[in-house]
Amino acid sequence: MINQTSTMKKIIFLITLLYCFACESEVVNPPEPPVPKGTFLFHLHNYIDLQEIDLYGIEYQTSEGRSIVLDYTEMYISEIQLLKEDGSLYSIPGKILLKNFRDQTYEVAEVPVGKYKSVHFKVGLPPGVNALAPKDSAFLNRPTMWWSETAQANGYLFMNVQGKIDTSADLSHAPVPFVYKIGTNANFVAVKMPEREFTIKEDTYFYGHIIVDYRQLFKGLALNKASNLSVQTIADNANATAQQIVRNIPCMFIYE
């Protein structure tokens, strides 16, 4: 009887220890306070050189007197990052914008309040997204950004710009058509805006005002060569004309 009593006491003692240990291991830390945030937006203005443009099919002139007409423009913008004051980057995952001609304001995301000094982004689609079928995402289901009338398994257009330009040396001829359809994973191009400090405040909107200057697409191209006015296929995207246009894309974006 004594042994049984002693054994029971030991069992009760062990159960009490285990219970106390379990209680100690279940201590719940207080929740982290929410990070205050504000909303970052892009305000992307369409320009040809020094002129803001708001209509398709209208003939605009550069400061040198060259006529340019835009008939169609769209581009994807993705992998958006804000450069913080301390040099670290705040990435906005999964956000992809399709910039068209009509709309200028695009909400990007809520971001932590604080001081920032630049915006980084890419023109095009990340390879993983570029491999998706149109049915997998509404913003991919846009035939204007396909290589043909049917969606293909080889990706999307990253930028589609079409219009007319005066190609003459003396700037006296009627504009002739150009078509630039840029895509493929190799042409997923990074844009790093110059440093310019800005502050995101809690529960407020901050607009990043950026000019998109389409004149810059023609830098370094001999316009009197017809081959420099047409990039329309995946094969074309590997040629020298396409590669020069890709190098020009970051130059299109300047602060207002």
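The model is a predicted one, in which local features need pLDDT of at least 70 and side-chain atom pairs count only at pLDDT 80 or more, while totals for chains, interfaces and linings use all residues. Residues are numbered from 1 along each chain as its sequence is written, and side-chain values use heavy atoms, with hydrogens and water left out.

Glu79 is not a glycine, yet it has a positive phi of about 45°. This residue sits in strand E4, which covers residues 67–84; strands (E, at least two residues) and helices (H or I, at least four) are DSSP runs numbered from the N terminus. Glu79 has a relative accessibility of 36% and so counts as partly exposed. In the terms used here, buried means under 20% relative accessible area, exposed means over 50%, and partly exposed is in between, with a 1.4 Å probe and protein chains only. Leu171, also not a glycine, has a positive phi of about 60°. Leu171 is located in the loop between strand E9 (157–165) and strand E10 (176–183), and with a relative accessible area of 23% it is partly exposed.

Turning to charge, the structure contains eight salt bridges, each being a side-chain nitrogen of Lys or Arg within 4 Å of a carboxyl oxygen of Asp or Glu. One of them joins Lys164 and Asp71, with N and O 2.9 Å apart. Lys164 belongs to strand E9 and Asp71 to strand E4, so this pair ties together parts that are 93 residues apart in sequence. Lys164 is partly exposed at 31% relative accessibility, and Asp71 is partly exposed at 30%.

Another salt bridge links Glu64 with Arg66, where the closest N and O atoms are 3.4 Å apart. Here Glu64 is exposed, with a relative accessible area of 52%, whereas Arg66 is buried at 13%. Asp213 and Arg215 also form a salt bridge, their closest N and O atoms being 3.7 Å apart. Asp213 is buried at 4% relative accessibility, while Arg215 is partly exposed at 29%. Both residues belong to a network of salt bridges that also takes in Asp49.

The rings of Tyr56 and Tyr72 are stacked, because their centres are 6.3 Å apart and their planes lie at 20°. Tyr56 is in the loop between strand E2 (51–52) and strand E3 (59–61) and Tyr72 is in strand E4, so the pair ties together parts 16 residues apart in sequence. Tyr56 is partly exposed at 35%, as is Tyr72 at 21%. Elsewhere, ring pairs link Phe40, Phe42, Tyr116, Phe121, Phe198, Phe206 and Phe253 into a cluster.

Technical notes: Rings of Phe, Tyr and Trp (its six-membered ring) pair if their centres lie within 6.5 Å; planes under 30 degrees apart count as stacked, over 60 as edge-to-face and the rest as tilted.
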